[in-house]
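I opened the notebook to look up a few things in this structure. The entries below are in the order in which I made them.

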Amino acid sequence: KTRLATELTWTYGQLLGIGLGQRYYLKPDYWFLSGEFYYYIQHSFMENSQPVFHYDLKFLFGGYPFTPVSSRFRIGLSSGIGGIWTSYSVPGMPVDRDIYLNVFNIWLEWNLGSKWTLLLRQEGKYSLGLERGLLVRGWLMVGDHFPPLTLGLVRKW
């Protein structure tokens with residue numbers, strides 16, 4: 001029975017990045033608490049441009065309410081809260097911080113065996129648009145049309 005799982009992720013819309021997450025299963029293989037960290041760089045690669053660095057940390061409650069452990073494909077749901085801290089490569093710039101709600105995440109996991117799964121997750125992030133942040137209140141989208149989509153590899157312990 002799985003008590004812990006580690007995720008390695010990559011998110012569309014945050015292309016120059018990588019994420020790492022840890023799940024703790026409250027009920028083995030069904031309900032979990034997780035913490036995830038995603039680091040990504042935003043850069044235009046134009047002459048004289050400077051990169052911007054983002055640090056996204058979130059905490060979630062999630063699980064598999066519809067599919068049993070024995071399923072080859074499982075559907076998962078989660079919700080939680082997160083924050084994005086932004087720093088700049090230009091000296092003297094302040095660190096900006098944005099808080100968001102992970103209102104509704106849904107994903108599909110493909111069990112590759114007893115220890116490994118592939119993950120494809122849609123993320124429903126809603127920015128609170130608080131002071132000292134860069135993001136306005138509203139849904140975080142890739143471009144103006146798509147919610148963030150995350151691909152990951154999960155190792156169960």
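This is a predicted model: local features need pLDDT of at least 70, side-chain atom pairs count only at pLDDT 80 or more; totals for chains, interfaces and linings use all residues.

Residues are numbered from 1 along each chain as its sequence is written, and side-chain values use heavy atoms, with hydrogens and water left out.

**Largest pocket.** I looked for pockets (on a 1 Å grid over the protein atoms alone, open sets of points where a 1.4 Å probe fits, with protein on both sides within 12 Å along at least five of seven lines). Volume here is the space filled by probe spheres set on the points, which are joined across faces, edges and corners. The largest pocket comes to about 500 Å³. I found 23 residues lining the largest pocket, with Gly13, Gln14, Tyr40, Gln42 and Met141 closest to its centre; a lining residue has an atom within 4 Å of a point. Strands are DSSP runs (E, at least two residues), numbered from the N terminus. S3 (31-42) and S5 (73-88) each give at least two residues to this lining, and the largest share, 3 residues, is from S3. By type, the lining has 13 nonpolar, 7 polar and 3 charged residues. For these classes, Ala, Val, Leu, Ile, Met, Phe, Trp, Tyr, Cys and Pro are nonpolar, Asp, Glu, Lys and Arg are charged, and the others, Gly among them, are polar.

**Second largest pocket.** I read a volume of about 200 Å³ for the second largest pocket. It is lined by 18 residues, and Thr2, Asp29, Val69, Ser114 and Lys156 are the closest to its centre. The lining of the second largest pocket divides into 6 nonpolar, 5 polar and 7 charged residues.

**Strand pairing.** I counted two strands as paired if DSSP finds at least two bridges between them. S4 (52-63) runs antiparallel to S5, joined by 12 bridges; Phe53 has Ser87 in S5 as its bridge partner. S5 and S6 are also antiparallel, over 13 bridges, and Ile75 is bridged to Leu108 in S6.

**Thr11.** Is Thr11 buried or exposed? Thr11 is buried because its relative accessibility is 3%, and the limit for buried is under 20% (1.4 Å probe, protein chains only). I placed Thr11 in strand S1 (4-12). Its side chain makes a polar contact of 2.8 Å with that of Thr150; such a contact is a pair of N or O atoms within 3.5 Å, and within protein one must be able to donate a hydrogen and the other to accept it, with residues adjacent in sequence counted only if both atoms are side-chain atoms.

Definitions and conventions:
Helices (H or I, at least four residues) and strands (E, at least two) are DSSP runs, numbered from the N terminus. Buried means under 20% relative accessible area, exposed over 50%, partly exposed in between (1.4 Å probe, protein chains only).
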